[in-house]
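Here are a few exercises on how chains meet in an assembly. Keep the viewer open and try each task before you read its solution.

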Protein chains: 4
Amino acid sequence: MKKKKLWGGRFKSNTSDLLDDFTESISFDKRLAIYDIKASIAHILMLKKQKIINELDSEKIIKGLSKILNLVQKNKFHFDKFYEDVHLNIENYLIHTVGNIGKKLHTARSRNDQIAVDMMLYMKDEINDIIKLIKNLQKTIIQLAEKNIKIIIPSYTHLKQAQPILISHYLMAYFFKLQRDVEKFKSNLNSVDILPLGVGAGVGVNYPTDRKYIAKLLGFSKVSENSIDTVSQRDYIIEFIFAASMVSMHLSRLSEDLIIWNTDEFKFIEIDDAFTTGSSIMPNKKNPDILELIRGRTAKIYGNLMGMLTLLKGLPSSYNRDLQEDKKMLFETIDYIKPMLIIMNELLQNITFLEQNIMEKMKTGFIMAVDIADYLVKKNIPFREAHNIVGKIVKFCTEKNKTFFELGLKQLKKFSKKIDNEIVKIFDYRYSIESKVSEGGTSTANVKKEIAYAKKIIERV
Amino acid sequence: MKKKKLWGGRFKSNTSDLLDDFTESISFDKRLAIYDIKASIAHILMLKKQKIINELDSEKIIKGLSKILNLVQKNKFHFDKFYEDVHLNIENYLIHTVGNIGKKLHTARSRNDQIAVDMMLYMKDEINDIIKLIKNLQKTIIQLAEKNIKIIIPSYTHLKQAQPILISHYLMAYFFKLQRDVEKFKSNLNSVDILPLGVGAGVGVNYPTDRKYIAKLLGFSKVSENSIDTVSQRDYIIEFIFAASMVSMHLSRLSEDLIIWNTDEFKFIEIDDAFTTGSSIMPNKKNPDILELIRGRTAKIYGNLMGMLTLLKGLPSSYNRDLQEDKKMLFETIDYIKPMLIIMNELLQNITFLEQNIMEKMKTGFIMAVDIADYLVKKNIPFREAHNIVGKIVKFCTEKNKTFFELGLKQLKKFSKKIDNEIVKIFDYRYSIESKVSEGGTSTANVKKEIAYAKKIIERV
Amino acid sequence: MKKKKLWGGRFKSNTSDLLDDFTESISFDKRLAIYDIKASIAHILMLKKQKIINELDSEKIIKGLSKILNLVQKNKFHFDKFYEDVHLNIENYLIHTVGNIGKKLHTARSRNDQIAVDMMLYMKDEINDIIKLIKNLQKTIIQLAEKNIKIIIPSYTHLKQAQPILISHYLMAYFFKLQRDVEKFKSNLNSVDILPLGVGAGVGVNYPTDRKYIAKLLGFSKVSENSIDTVSQRDYIIEFIFAASMVSMHLSRLSEDLIIWNTDEFKFIEIDDAFTTGSSIMPNKKNPDILELIRGRTAKIYGNLMGMLTLLKGLPSSYNRDLQEDKKMLFETIDYIKPMLIIMNELLQNITFLEQNIMEKMKTGFIMAVDIADYLVKKNIPFREAHNIVGKIVKFCTEKNKTFFELGLKQLKKFSKKIDNEIVKIFDYRYSIESKVSEGGTSTANVKKEIAYAKKIIERV
Amino acid sequence: MKKKKLWGGRFKSNTSDLLDDFTESISFDKRLAIYDIKASIAHILMLKKQKIINELDSEKIIKGLSKILNLVQKNKFHFDKFYEDVHLNIENYLIHTVGNIGKKLHTARSRNDQIAVDMMLYMKDEINDIIKLIKNLQKTIIQLAEKNIKIIIPSYTHLKQAQPILISHYLMAYFFKLQRDVEKFKSNLNSVDILPLGVGAGVGVNYPTDRKYIAKLLGFSKVSENSIDTVSQRDYIIEFIFAASMVSMHLSRLSEDLIIWNTDEFKFIEIDDAFTTGSSIMPNKKNPDILELIRGRTAKIYGNLMGMLTLLKGLPSSYNRDLQEDKKMLFETIDYIKPMLIIMNELLQNITFLEQNIMEKMKTGFIMAVDIADYLVKKNIPFREAHNIVGKIVKFCTEKNKTFFELGLKQLKKFSKKIDNEIVKIFDYRYSIESKVSEGGTSTANVKKEIAYAKKIIERV
């Protein structure tokens, strides 16, 4: 015969099996078990302190919960779909273990605020993990930037060669993008630092509880202000998936660049064999699958963000069962983003910049054009005119299939009489780079300043 | 020592474990195993027919594959993450079983076209299943419509009572929405009826293969026209998730209506206990969780659609590893939509319309207002004026807190002299309903016509 | 004859008209004109200070720019699609006005960093506006909460009546939701407080510029750290649209509640005629269109968030023209969210809570069930058992079609002997409410505390 | 004094100005005016035929409507925001022009079915236009494929060179992608071929109308079956935006390829000056902005799809004002996708394939590797082993920095004794291409077959 549901008092018949399968969440929310038990222990300690249950009962319950915690940690706890979710699985097992006294555990609380506290405890750990993973990636970027400070690459706009830059300058751009992501996760950490437990089904409870005490026990710095808001909001989850979307977006852009640099045509980088894969049919292939997967998985994270927002749009106030879906989207996002960060970090440590080939490829791009224009500006030609003159030189070269380097002074003078011998020095990538003296520019001095600043940031807690 | 990858010829070092975890798809693509084997058998039969491999070899390979098929069907095949995906797991096991001859299986094909054929075979089955599930739901709707043909409810616009309709008319609206979904899945079925196998890595193969023969063996009616397109497109998957989004959207709207009708304030329906759940804290609660979960899961399906489209936006041509993500989004969508259809079907069979209460609630809504206006139009008052007159009656009633039914003829005549005794018949919901003689309107005759037509449609293959 | 583009030096032929139409942004970026000019003036002042251009030239250019500013402010400036965007329109007009000297304006900057600074200046104003609008809405909520502190409504979970609460408690939940939105916009304000101007096309410039000086002139507190990051990132725009998505999501939920409360069946609220609309055919209709539009427009804002994220996924580094689309999505979001906030504020001031009717509707919901259970707990029955007993009472009432109020003590005792006369006081909503003494609960004392706290928050800058 | 709304009978006060601004749709739905009038004329003709209004009145009304039509076509009709939408603007002007008789126009219809018929008429025209634009693009592709049939390029997987193909084969892949888009729009055309007009506010009307007659007059082949479904569904709009998403996705992928091919490093194509743009700061730049904008605009179309789906998720049945947003998303999508198709078509006609450079770049890619493996298979080496052997050759070459072409027979024999002189012919791209004899492969014969087949398809109506 089918067991009776813990909430089954008013019901004639039990739920159908079909329904049990459809509504259960234990298959995925069991990962919250440890947090659920910890929150229950804190809850009981508070009930005891407030004399809502007596000392003896509370000790028995805590003993029972500790036993379950132990089972869970050893992977020996059996979760049963019949008990729907992690809360009822644990509560039911507790009652089974300690007897009727266990039925007192659910005094002054509801599953609605229980799931909220479980999620927040769980997310705290995960967010801290993720911040560490991003920082690791940032450290690798700093190391790469320091190690390769002498290597020049073209910068790109519109995927066309623009101007010469230090590869370190390029890399540091990602440091700063990632730093903004760190800030987002830190802000999210604040959002999960507010204890939700203790509001019951959303209106508060009939007991003289002490929520600040639970908060202290569980390490929350604040207590939620409004019970209705507490059980109905999932802002902290959406914020998380948004932060994950942003960091994955940044990783997807870095991946795209590296994929392009890894083509046979660019050949700017070599990825270590251990981080590439082959083809089942083409023996020649050595593919940057990792980078493609990072780029691709970004799409699924976005999908989860869209899903969460859509889930909540127009949802009537307070708790609705729709909210159960939040966990799947959150868990999946966490399971996606962490390996993406880890493996991007590993991969960056396993690429080599093919300097010689990069230099070869830069020859054809007229990437000193702005420098020549600026050289003319210094000869007192207004910028727009200087731009125009250099544009004509480029046009001439393209038609004659020549590079800047192949034009003599005589030919150059035809475009502007103000051009003189000095122009030779402009035809040097290094000169171009060191000329970028404006704050945030690519000169070596600037980039070193960036790196120094980055090192300071990374040390902040 | 680590095993060598099947494609590892050009590689110095093997992939890292980290990478293996990151790139593997076997944990989810193993559900394609049966299709993969069937496609391999068809491939071998073709190679034999075309004398690309000899009879003896082909027989051995087929025997080996059949053995694996058997293991898979009995859930006894061990999938190993090291072999990345379903294809290499099977191929590797084959080589292990039949020896070097097994290495001939991959002649004239690539994983790129293999995964495509597996997916299409799999999707065919799933789409056919889903069409059946929608049809079952449609049949239930027809039955409900027939059974409850006498029950009147208010129609709503802006969630305000509008005009009386037959509940059957309301229900049949969903029949037609679902019918459009059926058409979308049927069209999707055509998209997966084109054999992709046989194009190799995307450029065709160096063998005199006979793709039409494979198509015949596997039940495809066409063969793909262009190899590059074949390995790079996932249109059929996006189409599927789009169709699933549409049907889930329709289910979410039906759910929303039923949730509202299930409130204590509306009380239009009673859902059988077996299809509701209770609260862990509030003994009074009997909640429509199923409907909320259907509504909520729609959001995740949308997320997958967005994910798939984003995955493909701006993706360079032909195969990129990003495409691996398509499977997760497809499989999840399938695993979501099928139970949603099944359980909505079950639930509809377990709701009762609380006719008396519905009648009670209709009294206050002035829902015969249009009929009164039309009555005035027949007395030769232009519609816009008639509308204005009835508007004033409603205003009067609202201010005096009266219903139409409580106004006498004398009072009514104050709003228009043309009002006479005949107006009494208008104050009958039934009269209003049977007046809707226009095609597609809510009169009983019309609704019966709809039902008859629906029955014909449902019989079509 | 067609005019020559300002950047046309290297081009043989001019762009086609078709292309001009396709690529122009002036039709929408002209709203940035004022900011563009102000940034140009600051740029010139810096060039002068750094002696990059001489005093005379700078004065002439500033005079020219001031004239244009004046024209723009008076709506008399003619924007021409041929000049593509707001920058070139202004620069071209300047050259036209002040002659060749005007060509010096573009020294040491690029359109890439110009558009970034324009956007940030513009966004600062808009974000500040939006924060004010949210605060106005919060103030209205506080006023409503204070004014209606005595009105009781049912709280809902699963859209079923749950427990009695103060309407003020419900309203204050929205105060706190909106407060989180304010925080998001404030954080976004920090993101646009970093001067991007001065990095040229993304690598820095060849001039001894002083970006901190420009920052000071324009009111930025920081200067961007890395030029490549500066021109390629749009994080601040995505953040904005995310914050707008969150606030619109909150508004959509409030709208949904109010729409349901406005049904003929609930009748919890009356919306003033001036904030509803009628039907062209049904004279009886008075529809909550505003609330539906707020709910609906949320969807389009979400669409923009998805659009922005998708735009940037896998985009190669640094500037790509795709980024032009950011403006359309941002501007549309701004034009959507501001009226939504304004009109929700107005509407809230024009609704009346229909207290008597609400009380009527609460009778049937068994909403004191938890209180009865807690009453039993105080008689030393474990909560789970108490829950079960009350569940059986509810079941009994439902079957006999009775409310709690209609059961006598004798009958109640049949469910538990521990029930005694005291139970009468539980049958009072007010008792239930005042029992919710836990922090954040719905007791009047708690709600007043919430309101007092909210008033403090709202005063913060 | 403020004018009275046409539906204002029951209202004490008029709507506020604020509300008028918030709810109006005339600023964007005026583009439907012509269709609205045509549908009104058909409606009146039907009312006359059915003797619901008399001949004289109907003639006057039609005359009035024709006059308005004329004004609209000449852009002389003044739309007034006070009258909310296109329907009331026209109806009000009609009453103003023909007097009280005009008030009869709205007999037996509602704005809810009016907007539906307007949209469907409008969409029919637009869908037909778009199909033509796609076909034009397909024709250009066919022409390009024919013209460049001799040019070889590498195919790519993972953006790494894979195997040699004809550029025509690559191009034809897009023909087939676009063909699937055409089919989607054709299917959408069927969805808007069902007359919605005549169902009133969603329940049918009290008049003996003849909807089939209106359908005939307006060119619809069917009449909608269920009135509730008719006014509440927007499936046809979502379908449209989905089809637009798909075609834009295809264009975005083509754009990505062309952008990459246009880099200084690939240099596979040259885009005519008229279809590129320059930089305001870098005189060297010639950027593929068009392609970037096509890629970027895809994101906004996706956003609209997401918006539409979210709009409808969980929306209560029948008409809700949220649906007004559908028009903005549809119109914007139309205004986006059409120029994208036109300009991609123009651009394709203005690119040149730089054959010599492509050949140069192919040298380094080992793209005959599969052919060598297949050559070994024909020497009776199982495919997997052959794959392994070639993999080792590639590894050797990479380490020695050599191409295949630079290895002598002696060296090759070290990898497999079965290699003989014949292998020389494999080292020819042309040989590789012509070996791809399997259906759908890249051999010239196959590609010509594709082109011939495409030409047949394109001629279909």
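Buried area is the accessible area, taken with a 1.4 Å probe, that two parts lose on being put together, summed over both. Please keep in mind that this is a predicted model.

**Exercise 1.** How much area do chain B and chain C bury between them, and which three residues of chain B supply 18% of the area that chain B buries against chain C?

*Solution.* Start with the total: about 4,000 Å² is buried between chain B and chain C, and carbon and sulfur atoms account for 56% of it. Next, look at the chain B side. His158(B), Glu265(B) and Pro283(B) supply that 18%, more than any other three residues. Finally, count the residues in contact: chain B and chain C give 48 each.

**Exercise 2.** Find the salt bridges and polar contacts between chain B and chain C, then describe the chain B side.

*Solution.* The count of salt bridges here is two. One pair that meets the 4 Å cut-off is Lys160(B) with Asp264(C), at 3.5 Å from N to O. Polar contacts join 25 residue pairs, both partners at pLDDT 80 or more. Among the elements of chain B that each supply at least two residues to this side are strand S1 (152-157) and strand S2 (160-166). Helix H15(B) gives the largest share, six residues. By residue class, the side of chain B that touches chain C holds 21 nonpolar, 15 polar and 12 charged residues.

**Exercise 3.** Describe the contact between chain C and chain A by residues, area and salt bridges.

*Solution.* The contact takes 113 residues from chain C and 112 from chain A. Together they bury about 9,400 Å², 55% of it from carbon and sulfur atoms. Across this interface there are 14 salt bridges, including Arg384(C) with Glu91(A), whose closest N and O atoms are 2.7 Å apart. On the chain C side, helix H10 (residues 235-261) contributes the largest share, 13 residues. That side divides into 40 nonpolar, 41 polar and 32 charged residues.

Technical notes: Residues are numbered from 1 along each chain as its sequence is written. Chains are lettered from A and ligands numbered from 1 in the order in which they are written. This is a predicted model: local features need pLDDT of at least 70, side-chain atom pairs count only at pLDDT 80 or more; totals for chains, interfaces and linings use all residues. Side-chain values use heavy atoms; hydrogens and water are left out. Contact means heavy atoms within 4.5 Å. A salt bridge is a side-chain nitrogen of Lys or Arg within 4 Å of a carboxyl oxygen of Asp or Glu. Helices (H or I, at least four residues) and strands (E, at least two) are DSSP runs, numbered from the N terminus. Ala, Val, Leu, Ile, Met, Phe, Trp, Tyr, Cys and Pro count as nonpolar, Asp, Glu, Lys and Arg as charged, and the others, Gly among them, as polar. A polar contact is a pair of N or O atoms within 3.5 Å; within protein, one must be able to donate a hydrogen and the other to accept it, and residues adjacent in sequence count only if both atoms are side-chain atoms.
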